[in-house]
Amino acid sequence: VFQILGDDTPVNQISEEDCERVRDLIARLPPNFMKLPDADKHTLDELADMAERKKMAKLSPTGVNNYLRWLLTFLAWCHRKGMMDRMPTAYAEIKVADPVRKQDKREAFSNDQLNVIFRSTVYEDQERGSSLFWVPLIALWNGMRSNEICQLDVTDIKLEENVWGFDVTHISTTGDDDKSVKTWSSI
């Protein structure tokens, strides 16, 4: 945002058109645009132009909207602190529409696919000491992301108010830095 609007732009002078300019440029960028070769040597406009020339995929509507949400959260904070007289725009007015409905994003496994997994030798032999046994079961019944499941420690299985559950956290019981979560809402 600073690169697009200029880091010397007073926050109270950010307009709806400025927010739209941020949205439109971010929507032209590819995923992980800061990891492109020599990304730090180019402006975002140049990175977007390069990505378009190379026909690279663009950020998803969710990715663009995340950036916009961060911008508008910052602007709302500035407004609450009296640095702005009014918000330049609302999130609902500036967000990018996602053409794919949420329920259509990922298809569930078919019965045939589930049979391949749960009729494998791991389950026929009941190899309960194997992650190949537990990870699919936890995913099937809990809906956690596979990387969150694979990071679980035995101590992350907890009894709270007579209900067993998983403590999904970025904090490792071993003190190592070996855990992460995709979003804070995962915790």
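Is Asp 24 buried, partly exposed or exposed? Asp 24 comes out as partly exposed, at 41% relative accessibility (buried is under 20% relative accessible area, exposed is over 50%, and partly exposed is in between, with a 1.4 Å probe and protein chains only).

A quick note for all the views: this is a predicted model, where local features need pLDDT of at least 70, side-chain atom pairs count only at pLDDT 80 or more, and totals for chains, interfaces and linings use all residues. Numbering runs from 1 along each chain as its sequence is written, and side-chain values use heavy atoms, with hydrogens and water left out.

**View A. Arg 23 pairs up with Asp 24 in a salt bridge.** The closest N and O atoms sit 3.0 Å apart (a salt bridge is a side-chain nitrogen of Lys or Arg within 4 Å of a carboxyl oxygen of Asp or Glu). Arg 23 is buried at 18% relative accessible area, while Asp 24 is partly exposed. By this rule the count is eight salt bridges.

View B. Helices (H or I, at least four residues) and strands (E, at least two) are DSSP runs, numbered from the N terminus. Asp 18 is buried, at 14% relative accessibility, and Arg 21 is partly exposed, at 40%.

**View C. Arg 28 reaches Asp 49 through a salt bridge.** The closest N and O atoms are 2.4 Å apart. Arg 28 lies in the loop between H2 and helix H3 (44–53) and Asp 49 in H3, so this pair ties together parts that are 21 residues apart in sequence. Salt bridges with shared partners join Arg 28, Asp 45, Asp 49 and Glu 52 into one network. Arg 28 is partly exposed at 22% relative accessible area, and Asp 49 is partly exposed too, at 34%.

**View D. Helices H2 and H4 cross at roughly 155 degrees.** Two packed helices are described by the angle between their axes and the distance between the axes. For H2 and H4 (residues 61–80), the axes come within 9 Å. Axes are lines fitted to C-alpha atoms, for helices over the stretch in contact, and angles run from 0 to 180 degrees between N-to-C directions. That makes H2 roughly antiparallel to H4 (angles over 145 degrees count as roughly antiparallel, under 35 as roughly parallel, 65 to 115 as roughly perpendicular and the rest as oblique). On the H2 side, the contact (heavy atoms within 4.5 Å) uses Cys 19, Val 22, Arg 23 and Ile 26. H4 brings Val 64, Tyr 67, Leu 68, Leu 71 and Leu 75.

**View E. Helices H6 and H8 pack at about 145 degrees.** The axes of H6 (residues 111–118) and H8 (residues 131–142) are 10 Å apart. Leu 114, Ile 117 and Phe 118 of H6 meet Pro 136, Leu 137 and Leu 140 of H8.

**View F. Glu 161 and Asn 162 show positive phi values.** Glu 161 has a phi of about 50 degrees although it is not a glycine, and Asn 162, also not a glycine, has about 70 degrees. Glu 161 lies in the loop between strand E1 (157–160) and strand E2 (163–166), and Asn 162 lies in the loop between E1 and E2 as well. Glu 161 is exposed at 79% relative accessible area, and Asn 162 is exposed at 73%.
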